Amino acid sequence: ERGDAPPQPAGSSEEPWLESEAGNCWVEYFEGNSTLVLASPHDGCLEPRWAGRRASDTVTVRDKGASGIACAAAISLAASGAAAERGGVPAFKVPHVLLCHVSRSVLDVNRSSADGASCPRGRAVWEVYHALLDRALATASQTSGGCGRACFVDFHAQAHFNLNGGHDLIEVGYLLPLRVVSRAAELLDSTSEAAAALRDRV
């Protein structure tokens, strides 16, 4: 499903809508049927003529390739589920996928609408993105066996390859305070050899 910005409001002082941009897709949503929602908010490269650039002191770097990884993950999971279903195993269903195609230099949907958008139309696209995200999460939570929960994964790219020793790593973000993370490391260090081996594999 395409999420496009609405037409220019009557009496607006912004630049008129350009026919060459009327077919652009600012936000794209692929509805799934599982509890998993995948999103890529910062891999957009479109810079609409109606949108000014965000403030110079904000983060505007593109997470290049994140949308492709999110889509590849969704396709891989869906294909694995289909193969398992043919083998008589309950299939993993298709994840929901949400992509923002507008450049982060003019719109950041992971910020508030006031901070993330540079103009009224940008805020309209922000609203479309979050309406689709809410819809995806609501649909996913309804397919979770009655527990009312969904798993949301936001895909990003790292820009500090040269700062981490040149390691091409997958990083997982989580909303846990440092004291909890540190305690988890202590618990891992005090467990059995099998747990330590598992930690090293991770």
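Visitor: What stands opposite L36 in strand 5?
Guide: C151 does. Strands here are DSSP runs of E with at least two residues, helices are runs of H or I with at least four residues, and both are numbered from the N terminus. This is a predicted model: local features need pLDDT of at least 70, side-chain atom pairs count only at pLDDT 80 or more, and totals for chains, interfaces and linings use all residues. Residues are numbered from 1 along each chain as its sequence is written, and side-chain values use heavy atoms, with hydrogens and water left out.

Visitor: How many bridges join strand 3 to strand 5?
Guide: Four, and the two strands run parallel. Strand 5 covers residues 151-154. Two strands count as paired if DSSP finds at least two bridges between them.

Visitor: And which way does strand 3 pair with strand 4, parallel or antiparallel?
Guide: Parallel, over four bridges, with strand 4 being residues 96-100. In that pairing A39 stands opposite L98.

Visitor: Is strand 3 mostly covered or uncovered?
Guide: Mostly covered, as five of its five residues are buried. Buried means under 20% relative accessible area, exposed means over 50%, and partly exposed is in between, using a 1.4 Å probe and protein chains only.

Visitor: Which residues of strand 3 point which way?
Guide: L36, L38 and S40 point one way, V37 and A39 the other, and all are buried. In a regular strand the side chains alternate between the two faces of the sheet.

Visitor: Why does S40 count as buried?
Guide: Because its relative accessibility is 0%. S40 sits in strand 3, which is residues 36-40.

Visitor: What does S40 contact?
Guide: Leaving aside neighbours within four places in sequence, S40 is in contact with A66, S67, L98, L99, C100, Y129 and F155. Contact means heavy atoms within 4.5 Å. The side chains of S40 and S67 are also joined by a polar contact of 2.9 Å. A polar contact is a pair of N or O atoms within 3.5 Å; within protein, one must be able to donate a hydrogen and the other to accept it, and residues adjacent in sequence count only if both atoms are side-chain atoms.

Visitor: Is C119 buried or exposed?
Guide: C119 is buried, because its relative accessible area is 8%. C151, at 39%, is partly exposed.

Visitor: On to helix 3. What should it span?
Guide: Its 23 residues, 120-142, should span 33 Å at 1.5 Å a residue, and the end C-alpha atoms are 33 Å apart, which agrees. The expected span is 1.5 Å times one less than the number of residues.

Visitor: Which residues of helix 3 are buried?
Guide: Among them are W126, Y129, L132 and L133. What covers the buried residues of helix 3 includes strand 2, strand 3, strand 4, helix 2 and strand 5.

Visitor: Which residues have the most contacts inside the largest nonpolar core?
Guide: V27, L98, V102, L107, V125 and Y129, in a core of 22 residues. Helix 3 gives the most to this core, with seven residues. A nonpolar core is a set of buried Ala, Val, Leu, Ile, Met, Phe, Trp, Tyr and Cys residues joined through side-chain atoms within 4.5 Å.

Visitor: Last one. How many helices and strands are there?
Guide: Five helices and five strands. Along the sequence the pattern reads β-β-β-α-β-α-α-β-α-α. Of the 202 residues, 30% count as buried.
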